Every structure is written in structure tokens, then in C-alpha cells.
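Subject: Structure handover

Dear colleague,

Here is the structure you asked about. My notes on the strands and on one pair of helices follow below it.

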Amino acid sequence: MAFMFVRRQAEVSFTDKRSKALLDALAAICISKPKKQVIAISLSLTSEGSILCIAENSSVSPKILTHLASVFSQLKEIRSSLQSPLQEVNEDMNTPQSDKGSTTASLESQLLGDIFGFSMLKFQQRLLKRKHRFETEVRPGMHAYATAKSSEWTRGEAEDYKKFEKLLEMSSICFEWAESPGPGLIVRHIASLVTDNALEWRDAIKDEGTTSRLSQWEMEIAIFQTPAFPLRRYLAKVFSLSNHFDSLLRNVAYSFRMGPALKMLTIKTIDPIHTNFAFHVSESVLRESLISFDNAIVNNETLDDVVSTTMDYLSRSAQFNSATGIYEVCDAHVHCEALLLRHHLLNPGLPPFPYIGVSKLCCYACHALFDAYNKTAGPGEQKYYTKGCHNKLYPLWPIPEFGEPRDERIRSKLVQEHFAVELAKLLKSKNTRAGSDSTDVSTGSADAATSKPVVDYGMYPCHVVTTLPHLHYIDAISAHLAAARKSRVGSNS
Ligand SMILES: [Zn+2]
């Protein structure tokens with residue numbers, strides 16, 4: 001349950017695991033700030049080399065371009081250092097064994113050190129984020145668990161616990177470093193400590209069997225401490241940079257089919273879009289829209305509740321223009337994955353891989369946008385996919401413009417398949433709480449999530465969606481309903 005990062009399964013039809021891992025790795029290694037930085041990357045291959053398009057929520061920092069260029073040139077050197085050229089094999093089935101030369105290992109280590117050096121602040125932040133709980137709960141909790149249970153363990157369980165003890169030793173060194181990080185040499189040392197010594201452990205995290213051992217441990221520690229410490233998730237984050245490094249080696253340097261990618265690198269930065277927009281929502285318009293949206297609202301209390309939370313949110317987050325009676329939002333930024341989607345739809349000449357790498361999970365609105373675009377894409381139009389969705393909703397998320405008639409199609413799909421559905425859930429969940437006799441068993445997790453204790457797995461549970469005011473839903477829906485009423489065109493479900 002805790003590992004279900006992707007809650008909505010609409011867009012899992014992208015199955016090329018290798019380009020997915022590669023693109024996500026490229027986006028992740030560009031992060032240098034400890035917080036609040038998100039990067040999206042696309043990759044097009046030509047016979048001359050590769051073109052990377054990169055977007056950030058704000059302007060792309062020039063040092064990222066230098067870093068990426070250096071990473072590509074190092075990957076090229078690593079490939080050239082192999083004793084014999086790579087052979088063509090089915091890379092989806094097996095990873096070709098690279099025939100390493102005398103300098104390969106030191107070149108790899110140089111690249112690893114550079115990757116950790118560039119993203120050091122982020123790595124430190126990940127490591128230290130749960131240090132206190134790791135030291136005061138996991139360490140003694142696991143020790144107590146081992147003392148109580150080790151006599152009943154199978155050999156496999158005992159071996160896994162031994163591996164875990166090694167990991168505890170390593171974590172002490174890493175914590176000490178992260179609290180007072182030294183010069184570049186030490187960063188390199190920590191990079192190889194985490195990456196090489198924990199190799200077995202990193203494999204174990206990917207392996208189903210040990211993943212369930214970690215889940216078991218999470219529960220065992222939770223007996224001592226609640227809420228449960230998200231052990232697997234924490235370790236996966238700490239090891240993520242090492243895994244991305246592996247992915248770059250496997251999917252570029254040692255990949256036969258990606259050879260052309262290393263010929264020449266062109267990097268295009270996509271400019272951010274900051275936009276001002278307005279909500280044409282007054283209290284009475286909102287109320288009317290909600291009533292016409294869902295006949296199920298029989299309870300005035302529910303309606304009052306949704307209306308007042310929404311208006312309250314608006315007055316706090318947007319500026320009310322008393323002359324026009326409209327709430328205005330200034331300087332909202334289009335999210336970086338949506339910037340790339342827009343760029344490629346407006347410049348279809350050289351389509352990239354259909355997967356856009358992002359350095360973190362997408363917000364709910366971006367996820368819905370990609371899904372809505374894919375569902376409206378015409379024959380011959382490429383679909384685009386991204387990482388899973390953390391379900392958080394940023395109510396002031398601006399919908400990027402793609403030009404007509406695409407905008408109309410995408411927005412209509414967004415409303416029909418996502419925003420309206422979510423709004424219905426919101427109204428229904430409020431109805432349920434107000435004691436309605438609704439017996440609808442929702443397959444969505446919204447209702448279930450509210451009744452469970454909130455466990456902080458670092459992701460945003462679905463109920464966030466139901467408690468935030470749905471400005472976009474309401475704004476988009478009221479516009480949609482008004483248009484529908486005017487043209488008397490029914491929903492084309
Ligand atoms: Zn987003």
C-alpha cells in the first residue's frame with residue numbers, strides 16, 4: 001500500500017522501462033537545490049546526436065547545461081574506454097556485459113563523484129530529512145525486533161538482517177558527513193560508499209522479495225513507534241542518485257542502441273511561462289454552478305461548506321478586483337512538464353521519446369493534463385507520458401495554452417474525465433459525512449483515505465484532493481456548463 005506511488009493508472013501504457021529510467025535519471029541529476037526545484041527533460045535522437053529539451057518552473061540555470069554537457073562527454077569517454085565495441089542484443093531482455101578497459105573504472109568513479117557533487121545539497125537534504133527518526137526509532141526499533149525475534153528467523157531473514165546491520169554502519173558515516181560536509185574529495189568518498197557498498201542493498205530494494213521484507217520491517221518497527229517509519233521509501237530516496245548513475249551507464253554508455261545519442265549533444269532550454277488569470281467566480285455563480293452540476297446536493301449545509309471554503313481560499317490566495325468583481329491570480333507558473341508538452345505539441349517536427357523525464361512525481365493537474373491530451377490526440381499525433389502522480393493539487397495551477405482547436409478538446413476532456421469526476425467525489429464525500437444515505441462504494445481512494453489514520457509517506461494522500469477548494473474544477477465546470485446550456489449540446493459521454 002505504501003508503495004503505490006501511482007494511484008491513477010490511466011497512463012501506464014508507456015512500457016519502455018529503459019527510456020523511462022534514462023529520462024528520469026537525466027532530470028534527477030540536474031537538481032542542485034535542496035528544495036523547491038523541479039526539472040523536466042525530453043530527448044530526441046537524430047543521426048547526428050541527441051537533442052535534450054529542458055524546462056524548469058522558472059528559468060533553467062546555465063550551470064545545468066554545463067553539467068549535462070560534461071555528463072554526456074564523460075559517458076562518451078566511458079563508452080570509448082571499453083576494450084571491444086558493444087554488440088547488438090535485445091536490451092529489453094538483458095543488459096549487455098560491458099568489456100571494461102583499464103581506465104573504465106576510474107572514469108566511472110569520476111562521473112559518479114561529479115553527479116553527487118552537483119546534487120550534493122539535494123542528497124544531503126534527503127539523507128537528513130528523516131535522520132532523527134532513523135536514529136531514534138529505526139535503529140533501536142530494529143535492534144529490539146531482532147532481539148525478540150531472531151531465534152525464530154529463517155536463514156533468509158537472518159541474512160537480510162545482517163545486510164541491514166551493514167547499512168546501519170554506513171548510515172552513521174553518511175549522517176556524520178552530511179551534518180558537516182567536507183571538500184570535494186569527501187563527497188566523492190561518500191558517493192562511492194553509498195553507491196558501491198550499498199549495491200546489494202539497492203538491488204534488494206528493487207527486488208520484490210526483499211521489498212516485502214522491508215514492508216514487514218516497517219510494520220515491526222511500527223509496533224514500537226507510530227506512525228510507521230517509511231523505511232523502504234526513505235532508502236529508495238537516499239539511493240536514488242546512485243540508481244540514476246547506474247541507469248545512465250546501463251542505458252547510454254553501455255547501450256548499443258543509444259550509441260548515436262553520444263555523437264553530439266544539443267541542449268534547448270524552454271522558457272518559463274508566467275501567467276495572470278482570473279476566476280470569474282462570485283459566491284452566487286459558484287453556488288449556482290454547483291447546484292446545476294450535481295443534482296445530488298440536497299443538503300444546504302454541504303453546499304454552504306464547499307462554497308465558503310472555496311470563497312475563503314480565493315480571498316486568501318487571489319486578489320479581488322472590486323471594479324470588475326473578479327478574483328485575479330498574478331504570476332502563476334506553468335509547471336515544467338506541461339511546458340515541455342506544450343513545446344513539443346507546438347513544434348512537432350522532431351518528436352522526442354514519448355516519455356518526459358521529471359525529477360519528481362507530477363501534481364494531479366499535470367497528470368490529468370497529459371491524460372486529457374493523450375485521449376484527444378488524433379491519429380498520427382504522438383502521445384506523451386510522465387512519471388506517476390503524487391495527487392497534490394495546486395489550486396492556482398495555470399492551464400497552458402496549446403492553440404485551438406486543441407485547447408477546447410483538452411479542456412473539455414479535463415473537465416469530463418478528471419475535474420468533474422473529482423468534484424462529484426468531493427460533493428459525495430461531503431454528503432456522506434453529512435449523513436446522506438448514499439451507499440455508493442467508491443473505487444477511488446478518496447473516501448477510504450479520510451477514514452484511515454494519516455501516515456506520512458512523504459506523498460500526498462488522495463484526501464488532499466477532496467479537502468482543497470477546487471477552483472479549477474469549479475471555474476472550468478461553470479464555463480463548460482454555461483457553454484453547454486447556450487448551445488444546448490449535451491455531454492457526449
Ligand atoms: Zn504539475
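Which residue of β2 is the bridge partner of I41? In this predicted model, I41 is bridged to I54. The two strands concerned are β1, residues 39-45, and β2, residues 50-56, which run antiparallel to each other and share seven bridges.

Both strands belong to an open sheet of four strands with mixed pairing, in the order β3-β2-β1-β7. Each of β3 (265-269) and β7 (357-358) has a single partner strand because these two stand at the edges, so one side of each has no neighbour in the sheet. Helix α14, residues 336-346, packs on this sheet and touches β1, β2 and β7. The direction of α14 makes about 30 degrees with that of β1.

There is also a hairpin, formed by β5 and β6 with four residues between them. Strand β5 covers residues 319-321 and β6 covers residues 326-333; their pairing is antiparallel, over three bridges. Q319 has E328 of β6 as its bridge partner. In the turn, G325 has a positive phi of about 70 degrees.

As for the helices, α2 (residues 62-80) packs with α11 (residues 240-253) at an angle of about 65 degrees, and their axes are 10 Å apart. Their crossing is right-handed. On the α2 side the contact is made by L75, I78 and R79, and on the α11 side by L248, V252 and A253. Sorted by class, this contact has five nonpolar residues, one charged residue and no polar ones.

Regards

Methods
Residues are numbered from 1 along each chain as its sequence is written. This is a predicted model: local features need pLDDT of at least 70, side-chain atom pairs count only at pLDDT 80 or more; totals for chains, interfaces and linings use all residues. Two strands pair if DSSP finds at least two bridges between them. Two residues are in contact if their C-beta atoms, placed from the backbone, lie within 7 Å. Axes are lines fitted to C-alpha atoms, for helices over the stretch in contact, and angles run from 0 to 180 degrees between N-to-C directions. A crossing is left-handed if the near helix is turned anticlockwise from the far one by less than a right angle, and right-handed if clockwise. Ala, Val, Leu, Ile, Met, Phe, Trp, Tyr, Cys and Pro count as nonpolar, Asp, Glu, Lys and Arg as charged, and the others, Gly among them, as polar.
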